Amino acid sequence: MTQKDYILRIAEDVGRALAQIIYHKEIQDYQGALTLIDELFKQTVGAGSGFLHAISEETLLAMLTLLGVLNVEKALLIATLLKAEGDIYEDQGNPETAYDSYLKSLNLFLEILLSDDNLHDLRVSSEVEDLLGKLEAYELPTNTRRLLFQLYVCTFVRKDGGKGYHVVSRR
């Protein structure tokens, strides 16, 4: 399977899940949307929303990694679902719970971008920008700032015809 086919499959999976969640949000069936998100979490990683929020981001990344390779498809779905969950909590007037979902989503999106340069085609960068806007009222934790800095370095410090620098490793 070519890289482009793989990226399209990821986009289709995420799109289908989001369409169902958006439908529940539009009819203001917030509990239905949260239940759907919880079921999708269980299908994707075998654990519900409560568990995903209780574990550290390192543990979540370990659950999404096999033989040192991040399962980008699952990670992208989980990050997208966490963002949608945050949106629902925000719509319900629960900013503290929304913050937790948004922050975990942001960190996962950043890890995804740092692990695979080809995912800029999926507009993952715009998701990061949107999440940063939602979290602008808060001071971001050190780990999140570190990930943002690494992304900045990886994005803007590129090999330019032998004139510039080239980032080979993110750690």
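Helices here are DSSP runs of H or I with at least four residues, strands are runs of E with at least two, and both are numbered from the N terminus. With that in hand, hello everyone, and let's walk along the chain: the protein follows the pattern α-α-α-α-β-β-α-α-α-α. That gives eight helices and two strands.

A word on where this comes from. This is a predicted model, in which local features need pLDDT of at least 70, side-chain atom pairs count only at pLDDT 80 or more, and totals for chains, interfaces and linings use all residues. Residues are numbered from 1 along each chain as its sequence is written, and side-chain values use heavy atoms, with hydrogens and water left out.

Now the whole protein. Of its 171 residues, 43% are buried; buried means under 20% relative accessible area, exposed means over 50%, and partly exposed is in between, using a 1.4 Å probe and protein chains only. Next, contacts, meaning heavy atoms within 4.5 Å. Take the contacts with a separation of 6 or more: 64% of them come from residues 24 or more positions apart.

Two packed helices are described by the angle between their axes and the distance between the axes. The axes are lines fitted to C-alpha atoms, for helices over the stretch in contact, and the angles run from 0 to 180 degrees between N-to-C directions.

How do α5 and α6 pack? Helix α5 covers residues 72–91, and its axis is 8 Å from that of α6, at an angle of about 155°. The two are therefore roughly antiparallel to each other. For the cut-offs, angles under 35 degrees count as roughly parallel, over 145 as roughly antiparallel, 65 to 115 as roughly perpendicular, and the rest as oblique. The crossing of α5 past α6 is left-handed, which is the name used if the near helix is turned anticlockwise from the far one by less than a right angle; clockwise would be right-handed. By class, the residues of this contact are 12 nonpolar, six polar and five charged. Here Ala, Val, Leu, Ile, Met, Phe, Trp, Tyr, Cys and Pro count as nonpolar, Asp, Glu, Lys and Arg as charged, and the others, Gly among them, as polar.

On to α6, residues 95–115, and α7, residues 124–134: their axes come within 10 Å and cross at roughly 150°. These helices are therefore roughly antiparallel to each other, and their crossing is left-handed. On the α6 side, the contact uses Y102, S105, L106, F109, L110 and L113, and these meet V124, S125, E127, V128, L131, L132 and K134 in α7. Sorted by class, the contact of α6 with α7 has nine nonpolar, two polar and two charged residues.

From α5 come L76, K83, D87 and E90, and from α7 come V124, E127, D130, L131 and K134. This contact of α5 with α7 has three nonpolar, no polar and six charged residues.

Which residues of α7 are buried? They are V124, V128 and L131. Looking down the axis of α7, these buried residues fall within an arc of 65°, so they line one face of the helix. The arc is taken from the directions from the helix axis to the C-beta atoms.

L81 sits in helix α5 and is buried, at 1% relative accessible area. It touches I21, I37, L40 and F41, leaving aside residues up to four places away in sequence. L81 and L40 are 41 residues apart along the chain, yet their C-alpha atoms are separated by 8.1 Å.

The other is L140, in the loop between α7 and α8 (142–156). Is L140 buried or exposed? L140 is buried, with a relative accessible area of 14%. Its partners, again beyond four places in sequence, are L103, L106, L132, L135, R145 and L148. L140 and L103 are 37 residues apart in sequence and 8.3 Å apart in space, C-alpha to C-alpha.

Last stop, two loops. Q28, between α1 (3–26) and α2 (30–45), has a positive phi of about 60° although it is not a glycine. Q28 is exposed, at 57% relative accessibility. L67, between β1 (65–66) and β2 (69–70), has a positive phi near 55° and is also a residue other than glycine. At 81% relative accessibility, L67 counts as exposed.
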